[in-house]
Amino acid sequence: MNKTVNRQFLLATYPTGEFGKGTFTLHEGSIKKPRRGEFLLRNLFLSLDPAARLWTTPVDTYMDRVHIGDVMRGFTVSRVVESRHPKFKVGDLVQGLNGWQDYAISKGVNYNDKGLVDTWNLSNIVRAGMPITTALSVLGHTGLPAYVGLLNIAQIERGQTVLVSGAAGAVGSIAGQIAKLMGCRTVGIAGGPKKCRTLRESFGYDAVIDYKKENLDRALTRKCPEGIDIYFDNVGGETLDAALAHINIGARIIICGAISQYANFGQAPLAGPSNYLSLLTMRARMEGFILSDYYIKERKKMESDMLRWIKQGKITYHHEIVKGLENAPKIINKLFQGKNKGKLIIQIADDEEIANSL
């Protein structure tokens with residue numbers, strides 16, 4: 001790679017359905033110099049997340065949409081290579097929304113105008129001897145939703161039955177393990193025998209449901225015979241509707257994501273739950289949340305707890321790392337096809353540069 005050129009993937013058009021060949025365009029330009037109060041980042045790793053599909057709809061959601069011609073948004077782990085900012089020095093490793101590009105300019109603000117954290121120093125993760133890629137998964141924006149959703153919002157209690165959809169995914173796999181740590185019975189929904197086996201063997205789920213071969217309603221009757229106390233939803237649509245039919249009195253339904261609906265958001269009617277009256281009859285609560293509302297307040301505690309649990313062998317995680325920024329547009333649809341094998345991450349820098357950054 002030419003280290004005097006900044007490769008950037010720009011949004012060329014709003015996709016219909018999954019991302020297509022014409023969704024992004026590659027632009028190569030000069031590397032900008034930081035101004036006073038800014039610093040230049042070399043992006044080392046890029047996270048690919050289902051939220052990318054929400055960000056590329058022609059309407060604003062919890063964040064402004066990515067506009068046509070903008071650098072595609074994405075979380076990165078990056079190294080400060082030049083700084084004119086008093087709080088960030090050359091060599092610092094940080095996480096932030098620095099996009100699908102080799103280099104980025106940051107001001108290091110705590111929040112952008114929609115509330116999402118811009119830059120987070122990774123010194124605690126580095127000192128703990130953890131791979132810096134964990135800042136994009138279990139110790140970052142996929143571990144934190146599971147942690148906040150169950151502990152803060154659901155107010156999980158020992159002995160409850162916790163159902164998780166998208167249970168083999170980056171968030172769902174952590175949610176199931178946290179629920180198990182809290183003394184709950186865990187039931188995971190995933191697609192295919194390999195993922196269901198992973199739920200049992202790697203993530204400790206008590207029971208699993210393969211939505212690709214089982215009728216969800218009948219499976220939930222068998223696997224949750226005493227009903228559902230907490231449903232941690234990453235999928236939405238028919239899966240959410242089926243879960244609502246099996247909730248207990250006082251159940252909490254936590255809406256973390258709705259990956260089955262993202263492709264149509266802002267472009268076609270979404271599938272809403274027909275079983276919503278269960279919320280009334282079971283005196284239950286359904287609540288959505290956005291990670292940015294909890295990022296600053298809860299991340300340090302989450303980091304501390306997660307690091308302890310990982311070192312104790314109570315939390316495990318899987319990464320799928322693909323080398324080459326050029327591969328980001330080629331593989332992002334794995335997330336929507338259920339083909340990723342863990343947290344999907346692009347390695348932008350080469351091995352030598354990453355080793356020299358640590």
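Before anything else, a definition: a residue is called buried when its relative accessible area is under 20%, exposed when it is over 50%, and partly exposed in between, using a 1.4 Å probe and protein chains only. What we have here is a predicted model, in which local features need pLDDT of at least 70 and side-chain atom pairs count only at pLDDT 80 or more, while totals for chains, interfaces and linings use all residues. Residues are numbered from 1 along each chain as its sequence is written, and side-chain values use heavy atoms, with hydrogens and water left out.

Let me start with Thr4, which sits in the segment before β1 (5-11); helices (H or I, at least four residues) and strands (E, at least two) are DSSP runs numbered from the N terminus. Is Thr4 buried or exposed? Thr4 is exposed, because its relative accessible area is 57%. Leaving aside neighbours within four places in sequence, Thr4 is in contact (heavy atoms within 4.5 Å) with Gly29, Ser30 and Ile31.

Lys343, in strand β15 (residues 343-347), is buried, because its relative accessible area is 3%. Its side chain reaches the backbone oxygen of Leu48 at 3.1 Å, and, not counting residues up to four places away in sequence, Lys343 touches a list of residues that includes His141, His318 and His319.

Now to the sheet, which is open, has six strands in the order β10-β9-β8-β11-β12-β13, and shows parallel pairing, where two strands pair if DSSP finds at least two bridges between them. The edge strands, each pairing on one side only, are β10 (207-210) and β13 (285-288). Within this sheet, strand β11 (residues 228-233) and strand β12 (residues 247-255) run parallel and are joined by five bridges, and Tyr231 stands opposite Ile253 in β12.

Finally, please look at helix α6 (residues 216-223), whose buried residues are Leu216, Ala219, Leu220 and Lys223. Why do they lie on the same side of α6? They do so because they cover an arc of only 100° around the axis, the arc being that of the directions from the helix axis to the C-beta atoms. As a general point, an α-helix has 3.6 residues a turn, so residues three or four places apart point the same way. What covers the buried residues of α6 includes β8, β9, β10, β11 and α7 (237-244), whereas the face turned away from that buried side carries the exposed residues Arg218 and Arg222.

Methods. Polar contact = N/O pair within 3.5 Å; in protein donor to acceptor, adjacent residues only side chain to side chain.
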